[in-house]
Amino acid sequence: MTAPDLETGIGRLRDLVAGASRVVPFTGAGISTECGIPDFRSPGGIWTKMQPISFDAFLASQEMRDESWRRRFAMQDQFGQAQPGRGHLALAALYRVGKVPRVVTQNIDNLHQASGIAPDDVVELHGNTTYATCLDCAARYELRWVRERFDASGGRAPECSSCGGYIKTATVSFGQAMPEAAMHRAQRLTLACDLFLAIGSSLVVWPAAGFPLMAKRNGAALVIINRESTELDQIADLVIREDIGTALAPFTAN
Ligand code: NAD
Ligand code: ZN
């Protein structure tokens, strides 16, 4: 479908939200760009600057593990200081009034939790970069702990103090298995909703991009909010091709 102007789009979204009983927001990097965290695919996005490190590469060499942590700490200022944006706050408001039972996200920035959504109600498909885990025994490590050892050793990625396994941010890297429990929860939510909001995702990464399609096929209304067009725009009930913060700000107070 063609995207209406901003005001019309917001009005139609308001009607769809009012008429829905279970709204599932599905968010991507675009909801966090106004918080100072760049997305991957926009011009100037992270991928135009460096290739991601695959899971296999991380496992294969100490150099790649060191490099992976070096990059993570270089991004700490952006991630560590980021506060929820208008999109996060609008979804948190809809959550508080019971419209949104849970949020499904591809983001790893912890900003939905920071906006007031209970951690259990944020379904993270790609994990979380604000803490780390041991790949062997799943022990949790805070980034401060990793950084102290990284700095003290001249930039060497530390190992798990209980089992010696590799410690990695709790994110899903390319080539790493998707978290099964989160995928199942996302699927159940998608099939139980009557309104699905795809927000700030280019919808090209499979299997995440399959959820909007699944919702639509199951009879839910599909809304896509993204400033660039996506391949699913043609099957959406409403496309808002505008800035996310601007489109969602009116939903912060309701
Ligand atoms: P993407 O980079 O593929 O797509 C982001 C989309 O958001 C783009 O189409 C862009 O046009 C749009 N966008 C950006 N800012 C916007 C704004 N203010 N208003 C409206 N639209 C805006 O992101 P993706 O599809 O989510 O996939 C990339 C993967 O990389 C994610 O799954 C995630 O795991 C990871 N990632 C996460 C973060 C984060 O946690 N904040 C940031 C970068 C990448
Ligand atoms: Zn361990």
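# Cores, sheet and loops

Guide: In the largest nonpolar core, which has 27 residues, L13, L195, I199, I225 and L248 touch the most other members. Residues are numbered from 1 along each chain as its sequence is written, while chains are lettered from A and ligands numbered from 1 in the order in which they are written. The model is predicted, and local features need pLDDT of at least 70, side-chain atom pairs count only at pLDDT 80 or more, and totals for chains, interfaces and linings use all residues; side-chain values use heavy atoms, with hydrogens and water left out.

Visitor: What makes a set of residues a nonpolar core?

Guide: The term is kept for buried Ala, Val, Leu, Ile, Met, Phe, Trp, Tyr and Cys residues joined through side-chain atoms within 4.5 Å. A second, separate core of 23 residues includes V123, M183, F196 and L232.

Visitor: Why is L203 called buried, and what is N110 called?

Guide: Buried means under 20% relative accessible area, exposed over 50% and partly exposed in between, with a 1.4 Å probe and protein chains only. L203 has 7%, so the word buried applies, whereas N110, at 26%, counts as partly exposed.

Visitor: What makes the phi of N110 worth a remark?

Guide: Most residues other than glycine have a negative phi. N110 is not a glycine, yet its phi is positive, about 70 degrees, and L203 likewise has a positive value, near 55 degrees. N110 lies in the loop between β2 and α6, and L203 in the loop between β7 and α9.

Visitor: Why are β3 and β9 called edge strands?

Guide: The open sheet has 6 parallel strands in the order β3-β2-β1-β7-β8-β9. Both β3 (122–124) and β9 (238–240) have a single partner strand, so one side of each is left without a neighbour in the sheet.

Note on methods:
Pairing = 2+ DSSP bridges. Helix = DSSP H or I, 4+ residues; strand = E, 2+ residues; numbered from the N terminus.
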